[in-house]
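Please examine the sequence and structure shown here. A briefing on selected residues and their surroundings is set out below.

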Amino acid sequence: SSQIKRSTALNAVGKQKLQYVPCISTDDLPAPGSATSGVAGGLAICIAVDPAGKVYALGDKCPPVNQPLSFGKVNDDATIQ
């Protein structure tokens, strides 16, 4: 049986170098319980701060409602609604 060889970054051989890129300044962090957006490495990023002050960064896209996550409210359990 023959196998199709696929080439993606996810199955690249060797150790990948992790690189951090700036998105927003710490001065621009949103208030606890809210989110904002920024761009890092050409990608739209949602920066969310939960009510306890923990900071999260994730892709700024919510496919079910076709709106950016950064438009939502950050709940106590760090989910965005």
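The points that follow are grouped by topic.

This is a predicted model, in which local features need pLDDT of at least 70, side-chain atom pairs count only at pLDDT 80 or more, and totals for chains, interfaces and linings use all residues. Residues are numbered from 1 along each chain as its sequence is written, and side-chain values use heavy atoms, with hydrogens and water left out.

**Gly33**
- Gly33 is placed in the segment before strand E1 (34-40); strands (E, at least two residues) are DSSP runs, numbered from the N terminus.
- Gly33 counts as buried because its relative accessibility is 17%, where buried means under 20% relative accessible area, exposed over 50% and partly exposed in between (1.4 Å probe, protein chains only).
- Residues up to four places away in sequence aside, Gly33 touches Val49, Asp50, Pro51, Lys73 and Val74; contact means heavy atoms within 4.5 Å.
- A separation of 7.7 Å lies between the C-alpha atoms of Gly33 and Asp76, which are 43 residues apart along the chain.

**Asp50**
- Asp50 belongs to the loop that runs between strand E2 (43-49) and strand E3 (55-59).
- Although buried, Asp50 has no salt bridge, a term that requires a side-chain nitrogen of Lys or Arg within 4 Å of a carboxyl oxygen of Asp or Glu.
- The nearest side chain of opposite charge to Asp50 is that of Lys54, 5.1 Å away; Lys and Arg count as positive and Asp and Glu as negative, while His and the chain ends are not counted.
- The backbone nitrogen of Lys54 is reached by the side chain of Asp50 at 2.9 Å.
- Beyond its neighbours within four places in sequence, Asp50 is in contact with Pro32, Gly33, Tyr56, Val74, Asn75 and Ala78.

**Nonpolar core**
- Ala35, Cys46, Ala48, Leu69 and Val74 are the five residues of the largest nonpolar core, that is, a set of buried Ala, Val, Leu, Ile, Met, Phe, Trp, Tyr and Cys residues joined through side-chain atoms within 4.5 Å.
- With neighbours within four places in sequence left aside, the contacts of Leu69 are Cys46, Leu58, Gly59, Asp60, Lys61, Cys62 and Ile80.

**Positive phi outside glycine**
- Asn66, in the segment after E3, is not a glycine, yet has a positive phi of about 55°.
- Asn66 counts as exposed because its relative accessibility is 64%.
- Ala78, also placed in the segment after E3, has a positive phi of about 70° although it is not a glycine.
- Ala78 is partly exposed, since its relative accessible area is 27%.

Note on methods:
Helix = DSSP H or I, 4+ residues; strand = E, 2+ residues; numbered from the N terminus. Polar contact = N/O pair within 3.5 Å; in protein donor to acceptor, adjacent residues only side chain to side chain.
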